[in-house]
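I opened my notebook to record what I could look up about the strands and the surface charge here.

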Amino acid sequence: MLFRSVVEASAGGGMVTVRVGGDLEVKAVKIDPSAVDPEDVEILCDMVLAAVNEGLRMAQELVARKMGGATAGMDLGGLGGLGLPGL
C-alpha cells in the first residue's frame with residue numbers, strides 16, 4: 001500500500017537520518033552520537049531540519065509518482081487544486 005511506503009533521507013554526511021512514510025509522517029529520527037556537540041547544538045538542529053525536509057520532499061515525490069499512475073486520465077474536479085500531495 002502506498003501509505004506504508006517509507007523513504008529515508010540524511011544530512012551531515014549521514015550523521016542525521018530520518019524515515020518518512022507515504023502518509024508524510026516522520027517515522028524515525030536517528031542521530032549519530034558524534035553529531036551531538038553541546039557547544040554547537042545549532043548545527044545539530046540544522047542537520048535534523050535538513051534531513052526532515054528532504055525526507056518529506058522524497059515522500060511527496062513518491063506519492064506523486066504512485067498516484068500519478070493511478071489517476072492518469074481521470075478528471076479530479078476541484079481536488080487537484082487543494083494542494084494535496086500527489087493531486
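My entries follow, starting with the model itself.

I am working with a predicted model, in which local features need pLDDT of at least 70 and side-chain atom pairs count only at pLDDT 80 or more, while totals for chains, interfaces and linings use all residues. Residues are numbered from 1 along each chain as its sequence is written, and side-chain values use heavy atoms, with hydrogens and water left out.

**Strands.** I looked up the pairing of strand 1 (residues 6-11) with strand 2, and found that six bridges join them in an antiparallel arrangement; strands are DSSP runs of E with at least two residues, and two of them pair if DSSP finds at least two bridges between them. Strand 2 is also joined to strand 3 (residues 26-31), again antiparallel, by five bridges.

I then followed T17 in strand 2, which stands opposite S10 and has K30 as its bridge partner in strand 3.

Why is strand 2 (residues 16-21) largely enclosed by the rest of the structure? I noted that this is because five of its six residues are buried, meaning under 20% relative accessible area with a 1.4 Å probe and protein chains only.

**Hairpins.** In the hairpin of strand 1 and strand 2, with four residues between the strands, G12 takes a positive phi near 65°. In the hairpin of strand 2 and strand 3, which also has four residues between the strands, L24 takes a positive phi near 65°.

**Helix.** I found E42 in helix 1 (residues 41-71), a helix being a DSSP run of H or I with at least four residues. E42 counts as exposed because its relative accessibility is 59%, and the cut-off for exposed is over 50%.
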